[in-house]
Amino acid sequence: VYVDDFKMAGPLGHMAVTWKELSSRIEIDAPGPVTKCLRCHHHVRSGVVDGRPVQIIEYDMGDFMLSCADAYRKAVGEPNMVLRTVDTPFLEIEEDEEPTGKLQPIASSILMKLLYGARIARWDLLRGIQVLSTRVTKWNVSCDRALHRLICYVACTANHVLVGFVGDGPDAFRLRQYVDADFAGDRPGFKSTSGAFLSLTGPHTHFPLSAKAVRQTCVAHST
C-alpha cells in the first residue's frame, strides 16, 4: 500500500517513533510540514500584533478558486472568456416571470465546486452561493447573470486568504460569535437569511473557527 497524503497530530516527543512504526508497515514518504491539505495551502509565519509576537496562519484557496473559474469557462464553452473585475459577488435576481436560464444545466456542478472552497477558506462567498443554490430548480435568466457575476468576483479575488493569529496562552482565550440576519431578503419567498461567524479571541488572538449563511425556514413579518 502506498499512501500519498497522510496527516498525523500528537505530542512532538512521540512523532519520530510513531512515523518509524508506520513506515515499517506502510510505504510512505518521509514526513514534512503540512503546507497543503484538502487543496488548501497553509502559510505559517510569525508576526507582531500590538507589540506582541504572534503566530499567523493563512488559509489560501487561490489555486482552487481559479480552477472554479476555469471550470465555469469550460462549462459555458468559452475557455478564453475574460472575466471582469467586480466589487461584490451579489446581483439582484428578478422574479419568476423570466424564461429559464441557459446555465441551469451546469449551475449545480459549478455552485457545489465553489461551495467546497468557500466552506474551507472563502467565507465571503457563502451568502452568494447560498442564494443561487436555492434557485437551481427555478433557474431563470437573472440567475445566469448572478452566477456569472459570482464567478467574476471569484476570479478577481482569488488572492484573498483567511487569516488567523494567536499570541496568547489558553487561559486568555474566549469564544466570540458574531451573528446577523437580513430581513425578508430571499425573494420571492420573503424569507430571511441568518449569518454567523465564530472565532477564538484574546488580547492578541483572533482565530476564525467557522461561518455559515443559512436561509431561515419561516417568514418573519417584522424585525
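How many residues does α5 have, and how far does α5 reach from its first C-alpha to its last? Please then go through what surrounds α5.

Analyst: First, the ground rules. This is a predicted model, in which local features need pLDDT of at least 70, side-chain atom pairs count only at pLDDT 80 or more, and totals for chains, interfaces and linings use all residues. Residues are numbered from 1 along each chain as its sequence is written, and side-chain values use heavy atoms, with hydrogens and water left out.

Now the helix. α5 has 16 residues and reaches 23 Å from its first C-alpha to its last. That is close to the 22 Å expected at 1.5 Å a residue. The expected span is 1.5 Å times one less than the number of residues. Helices (H or I, at least four residues) and strands (E, at least two) are DSSP runs, numbered from the N terminus.

Next, burial. Buried means under 20% relative accessible area, exposed over 50%, and partly exposed in between, with a 1.4 Å probe and protein chains only. In α5 the buried residues are S142, C143, D144, A146, L147, R149, L150, I151, C152, Y153 and V154. Their cover includes α2 (62-75), α3 and α4.

Two packed helices are described by the angle between their axes and the distance between the axes. Axes are lines fitted to C-alpha atoms, for helices over the stretch in contact, and angles run from 0 to 180 degrees between N-to-C directions. For α3 and α5 the angle is about 30 degrees, and the axes lie 11 Å apart. That makes α3 roughly parallel to α5. Angles under 35 degrees count as roughly parallel, over 145 as roughly antiparallel, 65 to 115 as roughly perpendicular and the rest as oblique. α3 passes α5 in a left-handed crossing. A crossing is left-handed if the near helix is turned anticlockwise from the far one by less than a right angle, and right-handed if clockwise.

The contact (heavy atoms within 4.5 Å) can be listed by residue. From α3 come Q104, A107, I110, L111 and L114; from α5 come D144, L147, L150, I151 and V154. By class, the residues of this contact are 8 nonpolar, 1 polar and 1 charged. Ala, Val, Leu, Ile, Met, Phe, Trp, Tyr, Cys and Pro count as nonpolar, Asp, Glu, Lys and Arg as charged, and the others, Gly among them, as polar.

Take α2 as another. α2 and α5 pack at about 145 degrees, with axes 9 Å apart. Their crossing is left-handed. Here M65, L66, A69 and Y72 of α2 meet L147, H148, I151, V154 and A155 of α5. This contact of α2 with α5 has 8 nonpolar residues, 1 polar and no charged ones. L147, I151 and V154 are named in the α3 contact and in the α2 contact.

That leaves α4. In this helix (residues 126-133), 6 of the 8 residues are buried, so α4 is largely enclosed by the rest of the structure. The buried ones are L126, G128, I129, Q130, V131 and L132. They pack against α3 (104-121), α5 (141-156), β8 (193-202) and β9 (205-215).

T201 sits in strand β8. T201 is buried, at 7% relative accessible area. Leaving aside residues up to four places away in sequence, T201 touches A172, F173, R174, R176 and H206.
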